[in-house]
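User: I am new to this structure and would like to know what the labels rest on. Please set each value against its definition.

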Amino acid sequence: AALVIAIPPERQGGEFRLLERHQLRGLDFEQQAEFIKAILGRYNCTYLAIDASGVGAGVYQLLAKSDALPGCSVVKVEYSLELKQQMVMKAQNVIRRGRLKFDSSWLDMVSAFVSIKKTVTASGRNMTFKAGRGGDDGHSDLAFATMQILINEPLDGEIASSSRLEMF
């Protein structure tokens, strides 16, 4: 498991700036949820995507409660072939356009992205993306956590116009 903190683009075509990244190895779901709450307590969180498979299901249940992260939209992510393809396509687009910014010393982030490989599913009928589970890449958890942020922006990069209604 991994946690990545980013500032989203302020305008269409703007940069995603990664501020922090954390590997959450060896923590159970309650410990992960508490760690995430503590880190996000320092930020104005507006969006948190949680991979709800495995341990993440418990993390999602704890953080999706209305009082866990006030003002933060907690989104349950359930991976499918289509979602993985969209996430990788979006990440490739953002990276090619120089829109993903993070500290150049973050070699673990670079390694996480380059360890993701296109492969065929066990049935041989579909393409998917996988990463090895060994070494320091941690199954590319940092890359997939980052892609969960990037995919919050539509594939075309259009930021939905926001409207506001005030009543007195």
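User: Where is Asp156 found?

Analyst: Asp156 is found in the segment after α5 (141-150). Helices (H or I, at least four residues) and strands (E, at least two) are DSSP runs, numbered from the N terminus. This is a predicted model, in which local features need pLDDT of at least 70 and side-chain atom pairs count only at pLDDT 80 or more, while totals for chains, interfaces and linings use all residues. Residues are numbered from 1 along each chain as its sequence is written, and side-chain values use heavy atoms, with hydrogens and water left out.

User: Why is Asp156 called exposed?

Analyst: Exposed means over 50% relative accessible area, buried under 20%, and partly exposed in between (1.4 Å probe, protein chains only). Asp156 has 56% relative accessibility, so Asp156 counts as exposed.

User: What makes Leu19 partly exposed?

Analyst: Its relative accessible area is 33%, so Leu19 is partly exposed. Leu19 lies in strand β2 (residues 16-23).

User: Which residues does Leu19 touch, not counting residues up to four places away in sequence?

Analyst: They are Ile5, Ala6, Ile7, Tyr43 and Trp106. Contact means heavy atoms within 4.5 Å.

User: How do you know that β1 and β2 pair?

Analyst: Two strands pair if DSSP finds at least two bridges between them. β1 and β2 have 6 bridges, in the antiparallel sense. Ile5 stands opposite Glu20 in β2.

User: What is the order of the open sheet, and which are its edge strands?

Analyst: The 3 strands have the order β1-β2-β5, with mixed pairing. The edge strands are β1 (2-7) and β5 (100-101), each pairing on one side only.
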